[in-house]
Amino acid sequence: MAFKKQTAGHELLGDFAPKFAELNDDVLFGQVWSREKELSPRDRSLITVTSLITSGMFEQLKYHMSKAKENGVTKEEIAEVITHLSFYAGWPKAWSAFNLAKEIYAEA
């Protein structure tokens, strides 16, 4: 799977926080996410979605859950991940994640 260059950092924060934008786009998404020999994009998506759910970072979760879907994580798999996490991260976080997952996985 060819990796698409991330530009959100530069687009959204480039003028305000250029170094953060560079680190986001070039290091995190450029160097780390592109290391497909070490972990597939699908696996990185599962790890990232799990981390965001457990941290309650639902603003960032929407993008990453959509990316997980794009990277091959199925509706059944995301439902199982959230169900499993509900016992470790908390029931309210699971409810919030399920509401987002329903929205993302309902899209055509």
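Accessible areas come from the Shrake-Rupley method with a 1.4 Å probe, and for residues only the protein chains shown count as cover. On that basis I looked up the surface of the chain, which exposes about 7100 Å²; carbon and sulfur atoms supply 61% of this area.

I note that this is a predicted model, in which local features need pLDDT of at least 70 and side-chain atom pairs count only at pLDDT 80 or more, whereas totals for chains, interfaces and linings use all residues. Residues are numbered from 1 along each chain as its sequence is written, and side-chain values use heavy atoms, with hydrogens and water left out.

I looked up the fold next. The chain has six helices and zero strands, where helices (H or I, at least four residues) and strands (E, at least two) are DSSP runs numbered from the N terminus.

I then turned to burial. Buried residues (under 20% relative accessible area, 1.4 Å probe, protein chains only) make up 31% of the 108 residues.

Which residues does I78 contact, leaving aside its neighbours within four places in sequence? With contact taken as heavy atoms within 4.5 Å, I found V49, M65, V73, A101 and Y105.

How values were computed
Buried < 20%, exposed > 50% of the residue type's maximum accessible area, 1.4 Å probe, protein only.
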